[in-house]
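Me: I have a model open and would like to go through it piece by piece. Can you take my questions as they come?

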Amino acid sequence: MAREYKEQKNAETTVKILELEAILPDFCHGYIVSISGYNKPLTQLAYLQRIQFFLQWLIEYNSFFCKHYTKINEFKVSDLELLKKADFEEFLAHISKFGAVSKEKIKSSIETGKYITESKPTTRNNYLSALRSLFTYFLENDMIDTAPVLKIRQATVNKTIPIALNDNQIDRISDTIMNGSEFISAKQEESRLITSARDLAIYTLALHTGIRISELVSLDVKDINWDERCFKVIRKRGNEDVVYFDNTTERVLLDWLDERTNLKETLGITDDNEPALFISTKGRNRGTRLSVRSVERMVKKYAEIAVPEVKGMHVHSLRSTCATNVYEKSHDLVYTKSLLGHSSVNTTMRYVKDDEKKKKDNRTLLDKDENE
């Protein structure tokens, strides 16, 4: 079930946290314990990975640390008081320019002339948040007396309008999944012939229900209630929710289940050894639960072929498309919020383009030629 999948992923994340704890300095242990009380495992892991990268960066770039240490677990908490505001700003400038890229990789890219894309302001802010959290803990527990990183402000992040596909674009992607395209490569076509039923089911389910891809891949075959046309998912904050699907989604799901049954012998699976609704059909993971990353690649591939004019299209765009279409048809913000599983209506508002529609419809409001 979805909850079992969630618990399994949390267990895997916890193992990674323990591995990181063994690498980080001993004085970080109390901090790790403290954040485990109010953050989900994935959030904990992300914070610790950013802190690890910061400490490693000090060894590679900071004039003091590179002379005194070769491993980050050799650091002393008193060393952190040597850091000035400029040190943190230099690190954040590095993150803004290169992201979390090692010195060796940067050097290699310079030698080969390979361009490293600058990271988004949100990446810098995420690293700053992790460092603020760490140094706030040290201050509150009297482990250090000063933390200049707390004086650094978050970078301004420009608001972006979530991508929402129009009806024509939705149809072009589904048609490419089902029938291929003149723009598809021979290798992609070979793969499509095997996975089209599965890919169409994933695409339609995400587009028509708005569930997150992590929720989608967590589904097992037995989770589907065909009588009620619904299934249960575990939302972002661990709450259980019921999601209903329409007739179109039912049809493509049943088509995929027929294909899945036909592939059982080829892939060497049974419902006992792999209960997942969506499974991989190739590579070393064939016959096992499809990963989030695999779905992301699949959606991106079909989008680039079918709707090349949609720049920045990614798997989350299916969720935003669902949200936009549901609100435009229902004009019910509370229902749209419930459908998406949002905890706050403010989050849902990001997907509502009511203001955009009004601006478009009323563009000639003051036009004398139109109103005479």
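Me: Before we start, what kind of model is it, and how are residues numbered?

Reply: It is a predicted model, where local features need pLDDT of at least 70, side-chain atom pairs count only at pLDDT 80 or more, and totals for chains, interfaces and linings use all residues. Residues are numbered from 1 along each chain as its sequence is written, and side-chain values use heavy atoms, with hydrogens and water left out.

Me: Fine. How many helices and strands are in the chain?

Reply: The chain has 17 helices and two strands. Those are DSSP runs numbered from the N terminus: helices are H or I with at least four residues, strands are E with at least two.

Me: What does the C-alpha trace span?

Reply: About 70 × 65 × 45 Å along its principal axes.

Me: And what share of the residues is buried?

Reply: Of the 372 residues in the chain, 42% are buried. Buried means under 20% relative accessible area, exposed means over 50%, and partly exposed is in between (1.4 Å probe, protein chains only).

Me: What about the accessible surface?

Reply: It comes to about 21400 Å², and 49% of that belongs to carbon and sulfur atoms. The areas come from the Shrake-Rupley method with a 1.4 Å probe; for residues, only the protein chains shown count as cover.

Me: How much of the contact list comes from residues 24 or more positions apart?

Reply: They account for 60% of the contacts with a separation of 6 or more. Contact means heavy atoms within 4.5 Å.

Me: Charges next. How many positive and negative ones, and how far apart are their mean positions?

Reply: There are 56 positive and 55 negative charges, and their mean positions are 4 Å apart. Lys and Arg count as positive, Asp and Glu as negative, while His and the chain ends are not counted. Each charge is placed at NZ of Lys, CZ of Arg, CG of Asp or CD of Glu.

Me: On to helix packing. How do α3 and α5 cross?

Reply: The axes of α3 (residues 41–61) and α5 (residues 85–98) come within 11 Å and cross at roughly 105°, so the two helices are roughly perpendicular to each other. Axes here are lines fitted to C-alpha atoms, for helices over the stretch in contact, with angles from 0 to 180 degrees between N-to-C directions. Under 35 degrees counts as roughly parallel, over 145 as roughly antiparallel, 65 to 115 as roughly perpendicular, and the rest as oblique.

Me: Which residues meet there?

Reply: From α3, F53, F54, W57 and Y61; they meet D87, F88, E90, F91, H94 and I95 of α5.

Me: Y61 again: what does K103 touch?

Reply: Not counting residues up to four places away in sequence, K103 touches E60 and Y61. K103 sits in helix α6 (residues 103–112) and is partly exposed, at 38% relative accessible area.

Me: How do α8 and α12 cross?

Reply: Their axes come within 9 Å and cross at roughly 110°, with α8 covering residues 167–179. That pair is therefore roughly perpendicular too. R172, I173, T176 and I177 in α8 meet Y302, I305 and A306 in α12.

Me: Is I305 buried or exposed?

Reply: Buried, with a relative accessible area of 11%. I305 is in α12 (residues 292–306). Leaving aside neighbours within four places in sequence, I305 is in contact with T176, S181, F183, I184 and Q188.

Me: And R198, buried or exposed?

Reply: R198 is buried, at 8% relative accessible area, and belongs to helix α9 (residues 186–209). Beyond neighbours within four places in sequence, R198 is in contact with W256, F278, I279, S280, T281 and L290.

Me: Where does V221 lie?

Reply: In the loop between α10 (213–217) and β1 (230–234). V221 and A276 are 55 residues apart in sequence, but 5.9 Å apart in space, C-alpha to C-alpha.

Me: Last topic, backbone angles. What is phi at D142 and at H331?

Reply: D142 has a positive phi of about 55° although it is not a glycine. H331, also a residue other than glycine, has a positive phi near 55°. D142 is in the loop between α7 (121–140) and α8, and is exposed at 67% relative accessible area. H331 is in the loop between α13 (316–330) and α14 (333–340), and counts as exposed at 52%.
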